[in-house]
Amino acid sequence: MAAIPDQQSSHESYHEKRQNTVTVLDERRRAALAEIDDAPFSWFHVKVCLVAGVGFFTDAYDIFAINIAATMLGYVYGHTSNQLSSNQSLGIKVATPVGNLVGQLVFGWLADIVGRKRMYGVELMVMIIATFGQALAGQAPAVSIIGVIVVWRFVMGVGIGGDYPLSAIISSEFAATRSRGRLMTAVFAAQGWGQFAAALVGIIIVQAYKNAILEAPFPCIVPVDYTWRLLIGLGCVPGVIALYFRLTIPETPRFTMDIERNVAQATADIENVLTSGKHVDDENAPVQRVTAPRATAADFRAYFGQWKNMKILIGTAYSWFALDIAFYGLGLNSSIILTAINFGNPTGVKTSSLYVYQNLYNICVGNLILSVAGLIPGYWVSFLFIDSWGRKPIQLMGFIMLTILFIIMGFAYDVLNASTSGKNAFVFLYCLTNFFQNFGPNTTTFVIPGEAFPTRYRSTGYGISAATGKLGAVISQVGFAQLINIGGPNQFVKHIMEIFAAFMLTGIFSTLLIPETKQRTLENISNEEQEGYITGASAKASS
């Protein structure tokens, strides 16, 4: 009987030891997270920004180059007035956002399951292959080249869609709290330079083929066929350059810690990454898995079943949806809108080679002006203010300004279109909408979902938000194509602007559901208690 107290004491001692181990691991986790959150800005942060940014540069180039290429394709393969039919134009423009939607959901989910690092680079390979495939697309009796391009653009869209959650989450999880907004904005700002590059490359290619176009009989099929293939195909070059660096980027310590539940490895990773920028994986090192909240269907329902969490997902998703209605409605159709107001239209005979050259050149220049005058400045003004003023005020201000601008552009459209000065004013207002999209919800809808959810659902929640945005882009493109010519060619533009204004107004209200995330740690934003987050640990270390 005397052994019973000894056994009880031994059992209590073992229990206390286990509890002490759990407490130590929980403290190590919080200390490791604090080390990331308080880390000084380093070369590694610059590397993350550049590697992720090159992807977004490529994304924007590939998406918006079609704006120019669609006109070129019209001359080569258009059967009606040397233009693509409305359905052909819709197909090649809407295929990419549809692919984006699929890619954002699938890659967003996979990044939370198998890891950010394992998926990073895969989406870039998909983009590179699909871009190359478009440039080499051909026609056959059984298949139209437009159909082939549509398929390749869908595949490319899947890759681009995957880039959104992966780049956003990787830059968010490696960033220090005080500069996280600027790091993520710098990554996203590469989108503006991608749109600029598409227009600039377009100008260079059209100029390079100027003599060939002028000497060719109308509609200059052979030289124009070269131009669109080069314009699209060159989009894979920056992706190829970035691929190696994406494949070698380390796993984020937050994934290792909270999803793989390996606190020791994550702690070592933080020390290695922040000092040398390299990840050291010792296969023989002992592994001790901790017990912590895990991503399951039941846990997902429990977390998002709470209104305080669900309202954030609704706010991020609908805000992105409302924004993309206008952003893609304008961005993929800027050439049509500029043509509608006869801004920079050629003056020659429409059936001459000179007209073809002038038209292609003017469309490229028009897109270049729009990106320089509105898109690029908007991104970088956001960069300056996002960590001081905050995400929520920028998004609210952006939606309010966009509502006002679209109301003016819609209801004053006929007056503005009646004179040269009025048309110039319309283009100025158009540039302002580009500016306040980027110094506004286009930037913040990218940043906030990358911060607002716990690590185990961060990429999934981001993917849902981004995919909802792309649903808006698809609806916008289909609606634009069906509505634009009601009452005559391009006669419905003013009413489309009014519709955009209505969606911008709804974005103001969805923004109210979103928390302010500036200068807050990712764990604090997640609405989960961090002390006692780890509730257990494996009894034995396993290798």
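Trainee: Which helix holds leucine 243?

Mentor: Leucine 243 is found in helix H11. Keep in mind that this is a predicted model.

Trainee: What does leucine 243 touch, leaving aside residues up to four places away in sequence?

Mentor: Leucine 243 touches Gly121, Leu124, Met125 and Ile128. Now try a distance. Leucine 243 and valine 493 are 250 residues apart in sequence. Their C-alpha atoms are 41 Å apart in space.

Trainee: Let me step back to the whole chain. How many helices and strands are there in the protein chain?

Mentor: The protein chain has 24 helices and 2 strands.

Trainee: How do I read the radius of gyration of the protein chain?

Mentor: Compare it with what a compact globule would have. For 543 residues that would be near 24 Å. The protein chain has 26 Å, which agrees. Then look at the box. Along the principal axes, the C-alpha atoms fill roughly 110 × 45 × 40 Å.

Trainee: What share of the 543 residues counts as buried?

Mentor: The share is 57%.

Trainee: What share of the contacts with a separation of 6 or more joins residues 24 or more positions apart?

Mentor: Such pairs account for 86% of those contacts in the protein chain.

Trainee: On to the surface. Which residues form the nonpolar patch?

Mentor: The patch consists of Ile221, Val222, Tyr226, Leu230, Leu234, Val237 and Ile241. Together they have about 630 Å² of accessible area. Helix H10 (221-233) and helix H11 (237-247) each supply at least two of the patch residues. H10 gives the most, with 4 residues.

Trainee: Why does valine 237 count as partly exposed?

Mentor: Use the cut-offs. Partly exposed lies between buried, under 20% relative accessible area, and exposed, over 50%. Valine 237 has 41% relative accessibility, so it counts as partly exposed. Valine 237 lies in helix H11.

Trainee: Next, salt bridges. How many does the structure hold?

Mentor: It holds 18 salt bridges. One of them joins the side chains of glutamate 173 and arginine 116, at 2.7 Å from N to O. Glutamate 173 lies in helix H7 (residues 145-174) and arginine 116 in helix H5 (residues 116-119), so the pair ties together parts that are 57 residues apart in sequence. Glutamate 173 and arginine 116 are both buried.

Trainee: Which residue forms a salt bridge with lysine 470?

Mentor: Aspartate 324 does, with the closest N and O atoms 2.8 Å apart. This pair links distant parts of the chain. Lysine 470 sits in helix H22 (residues 455-483) and aspartate 324 in helix H15 (residues 307-331), 146 residues apart. Lysine 470 is buried, with a relative accessible area of 1%. Aspartate 324 also counts as buried, at 1% relative accessibility.

Trainee: What about aspartate 414: which residue meets it in a salt bridge?

Mentor: Lysine 494 meets aspartate 414, at 2.7 Å from N to O. Aspartate 414 is in helix H19 (residues 413-416) and lysine 494 in helix H23 (residues 493-511), 80 residues apart. Aspartate 414 has 47% relative accessibility, so it counts as partly exposed. Salt bridges can also form a network. Here one links Arg180, Arg182, Asp387, Arg391 and Glu451.

Trainee: Now the backbone. What should I expect of phi and peptide bonds?

Mentor: Most residues other than glycine have a negative phi, and most peptide bonds are trans. Now look for exceptions. The peptide bond from phenylalanine 218 to proline 219 is cis, with omega near 10°. Proline 219 is in the loop between helix H9 (210-215) and H10. Cysteine 220 lies in the loop between H9 and H10 too. Cysteine 220 is not a glycine, yet has a positive phi of about 60°.

Trainee: Where is arginine 261 placed?

Mentor: Arginine 261 is in the loop between helix H12 (253-258) and helix H13 (263-275). Its phi is positive, near 60°. Arginine 261 counts as buried, at 14% relative accessibility.

Trainee: Last topic. How many disulfides does a search of the whole structure find?

Mentor: The search finds 0 disulfides. For cysteine 220, the nearest cysteine sulfur is that of cysteine 364, 15 Å away. Cysteine 220 counts as buried, at 0% relative accessibility.

Definitions and conventions: Residues numbered from 1 in each chain as written. Predicted model: local features only at pLDDT ≥ 70, side-chain atom pairs only at ≥ 80, totals over all residues. Heavy atoms only, no water. Disulfide = S-S within 2.5 Å. Buried < 20%, exposed > 50% of the residue type's maximum accessible area, 1.4 Å probe, protein only. Patch = residues over 30% accessible without salt bridge, like charges linked within 9 Å, V, L, I, M, F, W, Y side chains within 5 Å. Areas by Shrake-Rupley, 256 points an atom, 1.4 Å probe, with all protein chains shown as cover. Salt bridge = Lys/Arg side-chain N within 4 Å of Asp/Glu carboxyl O. Rg over C-alpha atoms; globule rule 2.2 N^0.38 Å. Contact = heavy atoms within 4.5 Å.
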